[in-house]
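Please look over the sequence and the structure together before reading on. The report below is meant to be read with both in view.

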Amino acid sequence: MKLVNQMKILVLIAASCLVLLFVGGPGYYSPRSYQCAWDLGHILFFSIFTYLLISYWDTLLKQRFLKQCMWALSIALLFGILIELGQVGLGDRTPDIYDLLRDIIGALVGLAFFVPSRRLVPKIRLRIFQAIVLIIVLVTIFPLAQALIDEAIARKCFPVLSDLETPFESKRWHGNFEFEIDRKMARQGKCSLRVALNTEQYSGVGLRYFAHDWGDYNCLQFSLFNPSSEPIKINCRVHDIHHDKHGQDYYDRFNTSYLLPQGWSDIKISVKDIADAPRKRKMDLVHIQGFYLFVVRLPQPRIIYIDDVRLVL
């Protein structure tokens, strides 16, 4: 009876994981830790799925362990492909090759630690197999640990949004080209964010992960460095959750621009100006979603540095 109840619980967990692969889940601006933890659901589902598949399919149960591994990995790959294809057209979901890798890792976890036939494998071989799988799992979990550490640091350092002084901070930013923490250039501290701007229509970076409640502060300030003697025009935009959900109209957010001379420029933006920027409403300062710095149609690639992004009273 205990074994039957355990099987029912595993089936329920696996069924729940399968449903959640298609519905729900984090949004674009959800915390990184939530996104990383959600992705690990593939490993949980396929480890349970592999255990149930081999333990309760008589044909597979009678096979040797190596053959069970071949069958389980092949089925996990096929099932994983079908899951990814099934997500096409479901809201923001798109097929992801990394999810397929997590599916395979989940199958390996089930084979290494749970299927009954593993006990028939020579102990030294099983331990080596388990060690390899465990290392793979730890590598897969590392982004979650990285996100949790950086989120804890961000909470401790608030109202600093990003001063680039901590090891995982570049992950708070996003862009479709090269940017990295630079340890030779800084307005304060020892580091800044080096951004390589290109000649596409829009080129820049956005601060994606930060504290969203700006209501108690008076100014947003940050520093930009232009290493060239030629000035460069930098555009700045700030928007809230309403802007994301209602068409992203240009006049429904805060927009401004700066002509940067050579050297450091320290910029302050009134939070009141941000709140008053949308034409037909007030910006929701409790739910700020995006802060972007970008250029438009550069004639040639340029470099800028960003440092010390913070809110001030």
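The sections that follow go from the chain as a whole to its sheet, its spaces and a few individual residues.

## Basis of the description

This is a predicted model, in which local features need pLDDT of at least 70 and side-chain atom pairs count only at pLDDT 80 or more, while totals for chains, interfaces and linings use all residues. Residues are numbered from 1 along each chain as its sequence is written, and side-chain values use heavy atoms, with hydrogens and water left out.

## The chain as a whole

The chain holds nine helices and 11 strands, where helices (H or I, at least four residues) and strands (E, at least two) are DSSP runs numbered from the N terminus. Of its 313 residues, 45% count as buried; buried means under 20% relative accessible area, exposed means over 50%, and partly exposed lies in between, with a 1.4 Å probe and protein chains only.

Among contacts (heavy atoms within 4.5 Å) between residues at least 6 apart in sequence, 74% join residues at least 24 apart.

## The five-stranded sheet

An open sheet of five strands runs in the order β2-β5-β10-β7-β8, with antiparallel pairing; two strands pair if DSSP finds at least two bridges between them. At the edges stand β2 (173-174) and β8 (254-260), each with a single partner strand, so one side of each is left without a neighbour in the sheet.

Strand β7 (residues 232-240) is joined to strand β10 (residues 288-296) by six bridges in the antiparallel sense, with V238 opposite F291 and D240 opposite I288. The antiparallel pairing of β7 with β8 extends over seven bridges, and here N235 stands opposite S257. Eight of the nine residues of β7 are buried, so this strand is largely enclosed by the rest of the structure.

## A pocket lined by sheet strands

Rolling a probe the size of a water molecule over the atoms shows where empty space is left. On a 1 Å grid over the protein atoms alone, a cavity is a set of points where a 1.4 Å probe fits but cannot get out, and a pocket is an open set with protein on both sides within 12 Å along at least five of seven lines, with lining residues having an atom within 4 Å of a point. Grid points are joined across faces, edges and corners, and a volume is the space filled by probe spheres set on the points.

The second largest pocket contains about 440 Å³ of space, and of the 24 residues that line this pocket, Y202, S203, R237, Y292 and F294 are the closest to its centre. Strands β5 (202-207), β7, β8 and β10 each supply at least two residues of the lining, and β5 gives the most, with five. The lining divides into 10 nonpolar, 11 polar and three charged residues, where Ala, Val, Leu, Ile, Met, Phe, Trp, Tyr, Cys and Pro count as nonpolar, Asp, Glu, Lys and Arg as charged, and the others, Gly among them, as polar.

One cavity of 30 Å³ or more is counted, and the largest cavity has a volume of about 30 Å³. Its lining is formed by I153, A154, C157, V160, D163, T166, E169 and R172, of which four are nonpolar, one is polar and three are charged. Helix α7 (residues 123-157) provides the largest share of this lining, three residues.

D150 also lies in helix α7 and is buried, with a relative accessible area of 0%. Not counting residues up to four places away in sequence, D150 touches R32, T166, F168, E169 and R172.

## Residues in loops

L40, in the loop between α2 (32-39) and α3 (41-56), counts as buried at 18% relative accessibility. Leaving aside neighbours within four places in sequence, L40 is in contact with T140, I141 and L144; L40 and T140 are 100 residues apart in sequence and 8.2 Å apart in space, C-alpha to C-alpha.

A cis peptide bond, with omega about 20°, joins F158 and P159, and P159 is found in the loop between α7 and β1 (160-162). L164, in the loop between β1 and β2, has a positive phi of about 60° although it is not a glycine, and L164 is buried at a relative accessible area of 0%. R297, in the loop between β10 and β11 (302-312), has a positive phi near 50° and is exposed, with a relative accessible area of 56%.
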